[in-house]
Amino acid sequence: MAEPQKEPVTIKKYANRRLYNTATSSYVTLDYLSRMVKEGTDFVVYDAKSGDDITRSVLTQIIVEEENKGGQNLLPISFLRQLIGFYGDSLGGILPRYLEQSMQSFTRNGENMRDIMKNTFGGIFPMEQFEELNKQNMTLFENALKMFGRFYGEEANRNQSGDGSSPDTAIEDLKAKLDAMQSQLDSFLKK
């Protein structure tokens, strides 16, 4: 039997930018929320005055803070530029689903990497297996960027050439191609 899903912790953000954890009745920081994410604790953030759900913008703030700390930057500039390019684009509707599936695949590979390191005899680092998983993840990511760039260019050319195809048909075609590609990636990652 599945474990019942807990209700997410409610965080309220006040006009003075202070964050209040209603579960612990204490003020918290973005670092605290970052730790909650890493520990798998689900939370939602509401604007204390309007009651609007502002979870997405707070999570984005956490990412910006992490990127500004220096050290490890996870978001390459080229990726950020491409991501910005999808706002307002017809492909922007399918990008979140694709990115979510890609991150799930990457996470599964990360779990495999951790298992390999844990099971290695004598604590010797399994460089070959780690490198292979890293190559698979990079290939997956690069192919995703190429795919969206290619589809974006094809759609722009169709729209400029006036071939009469509707944007809805083009989006449905892209969704079908995306599902097929995800199936191929899943089977590749299971090997």
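A contact is defined here as heavy atoms within 4.5 Å. The structure is a predicted model, in which local features need pLDDT of at least 70 and side-chain atom pairs count only at pLDDT 80 or more, whereas totals for chains, interfaces and linings use all residues. Residues are numbered from 1 along each chain as its sequence is written, and side-chain values use heavy atoms, with hydrogens and water left out.

The protein chain contains 6 helices and 4 strands, taken as DSSP runs numbered from the N terminus (helices: H or I, at least four residues; strands: E, at least two). Their order along the sequence is β-β-β-α-β-α-α-α-α-α. Of the 191 residues, 25% are buried, that is, under 20% relative accessible area, with exposed meaning over 50% and partly exposed in between (1.4 Å probe, protein chains only). The chain exposes about 13800 Å², of which carbon and sulfur atoms supply 54%; accessible areas come from the Shrake-Rupley method with a 1.4 Å probe, and for residues only the protein chains shown count as cover. Among contacts with a separation of 6 or more, 54% involve residues 24 or more positions apart.

The 4 strands of an open sheet are arranged in the order S3-S2-S1-S4 with mixed pairing, where two strands pair if DSSP finds at least two bridges between them. On average, neighbouring strands are turned by 35° against each other, direction ignored. Strand S2 (residues 19–21) runs antiparallel to S3 and is joined to it by 3 bridges; Tyr20 has Tyr27 in S3 as its bridge partner. Helix H2 packs on the sheet, touching S1 and S4, and its direction makes about 110° with that of S4. Axes are lines fitted to C-alpha atoms, for helices over the stretch in contact, and angles run from 0 to 180 degrees between N-to-C directions.

Lys13 lies in strand S1 (residues 9–13). Lys13 is buried without a salt bridge, the nearest side chain of opposite charge being Asp47, 7.5 Å away. For charge, Lys and Arg count as positive and Asp and Glu as negative; His and the chain ends are not counted. Beyond residues up to four places away in sequence, Lys13 touches several residues, including Tyr46, Asp47, Ile54 and Val58.

The model has 2 salt bridges (a side-chain nitrogen of Lys or Arg within 4 Å of a carboxyl oxygen of Asp or Glu). Lys69 meets Asp31 at 3.1 Å, N to O. Because Lys69 lies in the loop between helix H2 (55–68) and helix H3 (77–85) and Asp31 in helix H1 (residues 30–39), the pair ties together parts that are 38 residues apart in sequence. Lys69 also forms a salt bridge with Glu66 (3.3 Å, N to O). Shared partners join Asp31, Glu66 and Lys69 into one network.
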